[in-house]
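Thanks for coming, everyone. Let me put the structure up, and then I'll walk through it piece by piece.

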Amino acid sequence: MTDRIEAAAAELRPLLQEFLLWVPANAPESDPDLVGSAALWHRLSQRSDVGHWRRDDLRPLMLDRLPQVVEDPDAAADAMVPSLRSYLTFLHETGRLTAASDRLELLLNELDALEDDFVDRMEDAIGETEWDDEEDGEEDEGLGDFEPFADELAELPTLRLRPDAELAADARRVPLITAARDLSVWIGTDRKVGQSTLLTDAEVEEAVTALGLTGPQKLWNLWNLAIDLEFVTPSGEDTVSIDSDTAAWPFDDDEDVLDAWMLGLGSIDYGDPELDDDDLTVALSGLTRETLIRVLLSGGQKALDDLREELAEAVRDYDDLGDAAWEAAGDPLVPVLDWLTGYGMAEVEGDTVQLTSLGTEGVVHLVDEADLDIDARPAIDAMTAHDLLSFSADMSEEEADAEFAAWMRLREPAQAAEELLGAAVEDESDALVRVQAASLVGQLGEVAIPAWKKALNEESLRSYAATHLTQLEVDDAPEPTQADTHWLILDMWTISAGLGRAEFVSSLEDIGPATDLISLLEVIWKVRHPHLDELLEAIAEAHPDRNVGKAAKRALFKARSGD
């Protein structure tokens, strides 16, 4: 789910920001960008805790998931394993590797054992890319490809996505997943399958009857969906078995439900019409995806007559047999809409088809997978303060102001101040969210005074609270101290460090001449900021003035020794 990916990325950002600061002095050969991808998919696919790593996590991550998502397999082949080694070492040294994790030595040994296989996967990916480039300098576009719609997708107004709880509730009611569960229960444990035909004719008839299906083709599509959902898995060389959790569908946990639904998203291709003639079937391959993208571009709903006309023309343009295939299928939209409605992605009302919340979520995910731009965010009424702060980081000032104004219309200003400052203390290492929260609450004026007073008790917000309360001329407001000023400086340095070396050095130079920066380093080490050590290491490594570097190293020594 796109909002879950964004939420996981926001959760990881401060940790990866700290890793970025740790790298220059401890693992300069590492590539933080590669680590970001691995850490994100570990969080989404393996563990709910970013610091929980087990040896068993590494094989599916390295050999199954990452080969599908790595953008530069050449760079990954060279640097992924050493970079991930550095990241795990960083987690261990900073106390982020949880007690439930395997020992660092075991994790690193497992990475080493997987390295050759991972490099092989990357070399295969490189070879496939080179083969495609040599075969036809430019990949042919086909029915269902999203690339031809890239400009239109980028120009769409912001798509609003529903929260996970609502999506999970919808997913629990998806008929096709329920049918796939029932098929899996029928399959049972250690069912023998053949090499040429998975089931005997008698078994096919038994399954069709037991599940109330209209024919064998429905059975095979459900069989494939059950495999996609991981409801059924191989249990031997010629046997398959129901997974131990399958019978419990619909699951209680929202994340588990959405993970399962997402695993089956590729099943939309089973909605493409299947004809007796293979060539005609191929001509209609991709029709379901083409339907989804055209409905999305029409604002999420489209008249069926207009849709049929557009799709018939598209099929004709993409394949010489398009007209013949369209005619042979009767109404090609029937199986397409049957599958989309059965998977909870579309609804048909009268002569109109429209995307559901799940449908919009699914199409946005497919667009993201195609590496195309689309503006999708949580719906305003479902957006938490943390969502607002996280998404605003990637918006223009004008967009962020509009988002804030829309969010504010749904709550009282005093409540908004409480929510924003509450979000800012969820993770004291996230300086960017903290600065954004303080900036937005600062716009609310005197109504935010109670929230600012409460924030005085939070170490990470005290400096902002004291500053704003003083500016508001609150009688009993504490005067900002030198330590408060230094905290604000350290927050700004943390943010600039995440923007790259040049931005970081520029923020250091904003302090003034090197002598001023050295004087600051002589005292700023006393502030117990979560990124103090990493920042001092980064200053020592990045600043061009050797005297500044020495001062940063002295400050780091004092900070670590507690002098």
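I'll go through the backbone, then the helices, then the strands, then the aromatic rings.

One caution before anything else. This is a predicted model. Please keep that in mind throughout.

Backbone first. As background, most residues other than glycine have a negative phi, and most peptide bonds are trans. We have exceptions on both counts here.

Start with the peptide bond. Trp249 and Pro250 are joined by a cis peptide bond, with omega at about 5°. Where does Pro250 sit? Pro250 is in the loop between β4, residues 239-242, and α11, residues 254-263. Hold on to Trp249. I'll return to that residue with the rings.

Now phi. Glu230 is not a glycine, yet its phi is positive, near 65°. Look for Glu230 in the loop that runs between α10 (216-228) and β3 (232-234). Is Glu230 buried, partly exposed or exposed? Its relative accessibility is 46%, so Glu230 counts as partly exposed.

Glu473 is another case. Its phi is also positive, about 60°, and Glu473 is no glycine either. Glu473 lies in a loop too, between α23 (462-471) and α24 (482-498). Here the relative accessibility is 67%, so Glu473 counts as exposed.

On to the helices. Take α3, residues 55-69. That helix has 15 residues and reaches 21 Å from first C-alpha to last, close to the 21 Å expected at 1.5 Å a residue. Where does α3 bend? The bend is at Leu61, by about 40°. Leu61 is also one of the buried residues of α3.

At 1% relative accessibility, under the 20% cut-off, Ser463 counts as buried. What does Ser463 touch, apart from neighbours within four places in sequence? Ser463 is in contact with Asp484, Trp487 and Leu488.

Then α25, residues 501-509. Its buried residues are Phe504, Val505, Ser507 and Leu508. Looking down the axis of α25, those buried residues fall within an arc of 155°, so they line one face of the helix. What covers them? The cover includes α24, α26 (514-524) and α27 (532-542).

Now the strands. I'll begin with β7, residues 352-355. In a regular strand the side chains alternate between the two faces of the sheet. In β7, Val353 and Leu355 make up the covered face, while Thr352 and Gln354 make up the uncovered one.

What does β7 pair with? Strand β5, residues 301-303, runs antiparallel to β7, with three bridges. Lys302 has Val353 as its bridge partner there. Strand β6, residues 346-349, is also antiparallel to β7, with four bridges. Val348 stands opposite Val353. So much for the partners of Val353.

The hairpin of β6 and β7 has two residues between the strands. Gly350 lies in that loop, and takes a positive phi near 65°. With a relative accessible area of 71%, Gly350 is exposed.

What is the strand order? The order is β2-β4-β3, and the pairing is antiparallel. The edge strands are β2 (191-192) and β3, each of which pairs on one side only. Three bridges connect β3 and β4. Across that pair, Pro234 has Val240 in β4 as its bridge partner.

Last topic, the rings. How many aromatic pairs does a search of the whole structure find? Twelve. Trp249 and Phe251 form an edge-to-face pair, 5.1 Å centre to centre, with 85° between the planes. Trp249 has 2% relative accessibility and counts as buried. Phe251, at 15%, counts as buried as well.

Elsewhere, there is an aromatic cluster. Its members are Phe19, Trp22, Trp53, Tyr87 and Phe90.

To close, two places to look at on screen. One is the Trp249 and Pro250 bond, which is cis. The other is Leu61, where α3 bends. I'll stop there.

Key: Residues are numbered from 1 along each chain as its sequence is written. This is a predicted model: local features need pLDDT of at least 70, side-chain atom pairs count only at pLDDT 80 or more; totals for chains, interfaces and linings use all residues. Side-chain values use heavy atoms; hydrogens and water are left out. Buried means under 20% relative accessible area, exposed over 50%, partly exposed in between (1.4 Å probe, protein chains only). The expected span of a helix is 1.5 Å times one less than its number of residues. The bend at a residue is the angle between axes fitted to the seven residues ending there and the seven starting there. Contact means heavy atoms within 4.5 Å. The arc is that of the directions from the helix axis to the C-beta atoms. Two strands pair if DSSP finds at least two bridges between them. Rings of Phe, Tyr and Trp (its six-membered ring) pair if their centres lie within 6.5 Å; planes under 30 degrees apart count as stacked, over 60 as edge-to-face and the rest as tilted.
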